[in-house]
Amino acid sequence: LFLDLDNDGTMETVINSLNPPPPGVVYYGNANTPNFGGGTIRQFDNRGLPLNQNYQFSILNRFNTTGTKKMFSVRWNTQQFPNVYTPAEFPYGTHKIKWFISDGCGNETACEYNFTVRDCKAPTVVCLNGLSANIMPTGMIQLWASDFLQYTEDNCTPPGLLKIAIRKCGEGTGIPTNPDGSLQTSVVFTCADLGTQCVELWSVDAAGNADYCETYVIVQDNQGGCSTDFINVAGELHTEMAEGVEEAMVKIDGTSTFTPPYSFFDLTDATGHYEIMNNIPLDASFTIAPEKTDNPLNGVTTYDLVLISQHILGLQLLDSPYKMIAADANKSGSITTFDILELRKLILGIYTELPNNDSWRFVDNSFVFPNPQNPFESPFPESISVSNAFSNMMQEHFMGIKVGDVNNSAIANVTAQVEERNQGTAIFDLNDRTVVAGEIIEVAFTAAQELAGFQFTLLHPELELLDVMDASQVTAQNFGRFVGKTTVSVNDALGFVLRFRADKPGKLSDLLRVSGEITRAEAYLLDETLVKPARLNVALRFDGKTVAGLDFELYQNQPNPFTQKTMIGFFLPEAAEATLSVLDESGRLVYQQKGQFAQGDNSIVLDRALLNTSGVLYYKLDTNAGSATRKMIQTK
């Protein structure tokens with residue numbers, strides 16, 4: 001091997017397989033010495049291992065499996081494991097390999113060729129998903145490439161040596177540069193750029209490889225740097241229970257004879273209020289459209305399926321057009337059993353979101369349904385359209401509808417009261433028995449009370465679920481299958497039967513446990529009036545003796561991601577002290593709260609002002625009953 005170790009165009013170092021250097025080193029600068037002797041010892045294996053574990057150069061030979069040809073390769077191995085080979089690594093530069101082949105008669109042939117090692121892979125660059133910026137009173141705003149960067153990384157160049165550049169989309173090709181050849185690291189927006197503007201963010205590595213991502217900035221004029229003639233728009237988003245819908249995005253898109261097309265947005269506060277001030281120009285035509293897509297499971301339980309089923313059967317109709325819209329889970333313009341199937345998949349954890357619907361829908365609050373008994377009979381407005389506006393519009397309200405929640409149990413904002421769980425427990429009776437490994441068993445779960453419905457996660461890591469035994473009102477569609485876990489959602493039935501195969505011996509009472517890990521564990525007492533029923537915990541009882549109920553559970557925060565506030569819920573099997581810790585990605589503690597909490601469901605509200613950071617965060621809850629950690633995201 002003739003190596004150019006310092007990449008100056010000269011192959012100054014030679015490695016000879018007949019007289020190789022010791023492990024971990026090469027003889028630098030020996031190319032012009034007799035028989036390539038001498039040279040300066042230079043370390044190349046800097047892993048800090050014992051000598052017999054350092055890499056050394058060797059030749060790997062093997063017979064070709066399809067003939068008599070012999071294959072040779074330059075590899076690294078170690079003295080400790082001489083028969084374990086790994087591809088050799090070479091520095092940047094042009095090097096040469098020369099082979100000598102001799103036969104038994106002393107005939108010899110040589111061949112050689114050059115090879116070049118260089119960095120050909122462009123760095124990875126990830127943009128932030130949009131920014132908003134306000135024009136300064138001077139009528140312009142300068143933004144830097146770093147303002148849009150989420151992260152950039154490269155296979156060879158360290159992060160500190162990567163360079164970033166930026167340009168407005170459509171203003172050039174290749175790496176953005178200034179007239180003097182330096183990288184363009186900022187962009188300037190003026191009053192002519194109000195609205196959504198696209199930018200390209202580039203990353204360049206030390207070898208000159210580059211790649212880019214596109215993102216956008218919403219240029220606003222909240223300080224009136226461009227004009228004094230504006231229209232202010234404000235309103236509220238509230239539920240049928242008059243609760244404000246928090247952290248919904250209200251977007252205004254429009255045009256004006258005086259400005260380019262524009263787009264503005266605001267996030268609602270805990271009262272559901274939004275306002276877009278000093279931005280929308282006179283003579284504006286625009287639409288106002290709220291949107292909220294987070295936490296599709298908020299307020300959606302099996303009891304909602306009980307109520308929707310009663311409505312479909314005509315036994316007890318949903319009593320408002322908004323509840324009927326909430327029941328239309330697949331957004332088909334009707335309420336059918338397909339809506340129940342879609343919502344059940346959400347409850348069971350099969351869906352993470354509804355495929356054909358958003359988490360929330362919003363209807364213009366001033367709209368009067370022509371037929372409140374069938375809100376789908378005519379189109380209803382989910383946005384407000386305005387033409388040629390010349391005055392402020394401060395009462396543009398919307399009714400917020402949580403899809404799937406027909407009993408108004410959704411938490412619309414962080415100040416809303418969490419629905420208390422009744423201290424009672426729904427018991428499911430099982431026959432306890434000892435099973436052996438490989439045995440196939442049928443396990444019957446029978447409710448001890450008259451229940452309108454129930455849902456929970458069943459943990460069975462040592463039992464493999466084979467089948468659901470179909471019965472009246474219970475089929476495989478009532479269950480979600482996961483490794484070692486089964487989610488359950490049943491209404492209009494008092495039990496079910498599952499068939500398992502045992503992976504290890506043991507008693508059923510040790511192999512089955514109730515959890516709320518995927519599907520929240522709760523049950524509902526039968527109430528012929530179908531008013532909001534008592535919400536019960538869930539437990540298993542074996543042979544009328546052993547009761548295995550809910551253990552400690554830490555729930556996903558709501559909403560997630562969040563901007564201003566979020567709520568962290570958890571379940572305690574008994575009253576206890578709990579400590580909540582919030583950590584950033586590096587493991588640094590950014591917030592901690594300790595307190596005494598009651599048995600059952602509890603919650604803690606986090607305000608971004610308490611955290612003083614953003615991005616990916618981890619929250620951990622420590623109690624005597626257990627400890628758990630989950631991830632959440634705080635956006636800017």
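A: The cover over the buried residues of helix 1 includes helix 2 (321-327), helix 3 (337-347), strand 29 (451-459), strand 32 (485-491) and strand 36 (522-525), where a contact means heavy atoms within 4.5 Å. Helices (H or I, at least four residues) and strands (E, at least two) are DSSP runs, numbered from the N terminus. The model is predicted, so local features need pLDDT of at least 70 and side-chain atom pairs count only at pLDDT 80 or more, whereas totals for chains, interfaces and linings use all residues. Residues are numbered from 1 along each chain as its sequence is written, and side-chain values use heavy atoms, with hydrogens and water left out.

Helix 1 spans residues 302-312, and because 10 of its 11 residues are buried, the rest of the structure largely encloses it; buried here means under 20% relative accessible area, exposed means over 50%, and partly exposed lies in between (1.4 Å probe, protein chains only). The buried residues of helix 1 are T302, Y303, D304, L305, V306, L307, I308, S309, Q310 and H311. After helix 1 comes G314, which has a positive phi near 75°.

Most residues other than glycine have a negative phi, and most peptide bonds are trans. N408, which is not a glycine, has a positive phi of about 55°; N408 belongs to the loop between strand 25 (398-402) and strand 26 (425-430), and with a relative accessible area of 24% N408 is partly exposed. Q473, likewise not a glycine, has a positive phi of about 70°, its place being the loop between strand 30 (463-469) and strand 31 (479-482), and at a relative accessible area of 49% Q473 is partly exposed.

As for the peptide bonds, the one from Q558 to P559 is cis, with omega near -10°, and P559 lies in the loop between strand 39 (553-554) and strand 40 (565-572). N560 and P561 are also joined by a cis peptide bond, for which omega is about 0°, and P561 is placed in the loop between strand 39 and strand 40.

Turning to the cysteines, the structure holds 2 disulfides, a disulfide being a pair of cysteine sulfur atoms within 2.5 Å. In one of them the sulfur atoms of C127 and C213 are 1.9 Å apart, and the link is right-handed, with 95° about the S-S bond. Since C127 lies in strand 10 (residues 124-127) and C213 in strand 17 (residues 210-220), this pair ties together parts that are 86 residues apart in sequence. Both C127 and C213 are buried.

In the disulfide of C169 and C198 the sulfur atoms are 2.0 Å apart, and because the torsion about the S-S bond is about -50°, that disulfide is left-handed. C169 lies in the loop between strand 14 (163-168) and strand 15 (186-190) and C198 in strand 16 (residues 195-204), so the pair ties together parts that are 29 residues apart in sequence. C169 is partly exposed at a relative accessible area of 25%, and C198 is partly exposed at 31%. C120, by contrast, is in no disulfide, the nearest cysteine sulfur being that of C156, 9.4 Å away, a distance that is too far for a bond. C120 is exposed, with a relative accessible area of 55%, whereas C156 is partly exposed, with 40%.

For the chain as a whole, there are 5 helices and 45 strands. The radius of gyration (taken over C-alpha atoms) is 34 Å, well over the 26 Å that the globule rule (2.2 Å times the number of residues to the power 0.38) gives for 636 residues, so the protein chain is more spread out than a compact globule. Along the principal axes, the C-alpha atoms fill a box of roughly 100 × 80 × 50 Å. Of the 636 residues, 45% count as buried, and among contacts between residues at least 6 apart in sequence, 65% join residues at least 24 apart.
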